[in-house]
Amino acid sequence: MMPLTMVKTGEANVIRKVGGKEETRRFLENLGFVVGSEVVVVSEISGNLIVNIKDSRVAIGKDMANKIMVG
């Protein structure tokens, strides 16, 4: 397992764990970041990510992306 920030652009990964406080986890779940979902990093600009998740493009900050573990 590794944080989403370590993933190569264009590579599909499956979410294994979403960390952080309860409200952070709930926020990410509402965006579609749930365990078992497939996520693809579209681009990365100074640590901030644009990802494809559940047929949507979502931009998340580096601190949020570090709480999403994939593998």
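Reader: Is Ser37 buried or exposed?

Author: Ser37 is buried, at a relative accessible area of 8%, where buried means under 20%, exposed over 50% and partly exposed in between, with a 1.4 Å probe and protein chains only. This is a predicted model, in which local features need pLDDT of at least 70, side-chain atom pairs count only at pLDDT 80 or more, and totals for chains, interfaces and linings use all residues. Residues are numbered from 1 along each chain as its sequence is written, and side-chain values use heavy atoms, with hydrogens and water left out.

Reader: Which residues is Ser37 in contact with, leaving aside neighbours within four places in sequence?

Author: Ser37 is in contact with Asn13, Val14, Ile15, Gly32, Ile53 and Lys54, contact being heavy atoms within 4.5 Å.

Reader: And Leu31, where is its place?

Author: Leu31 belongs to helix H1, residues 22-31; helices (H or I, at least four residues) and strands (E, at least two) are DSSP runs numbered from the N terminus. Leu31 has a relative accessible area of 30%, so it counts as partly exposed, and beyond four places in sequence it is in contact with Ile53, Val58 and Ile60.

Reader: Switching to the largest nonpolar core, which residues touch the most other members?

Author: Among its 16 residues, those are Leu4, Ile15, Phe33, Val39, Val51, Ile60 and Ile68; such a core is a set of buried Ala, Val, Leu, Ile, Met, Phe, Trp, Tyr and Cys residues joined through side-chain atoms within 4.5 Å.

Reader: Which element gives the most to this core?

Author: E4 does, with 3 residues.
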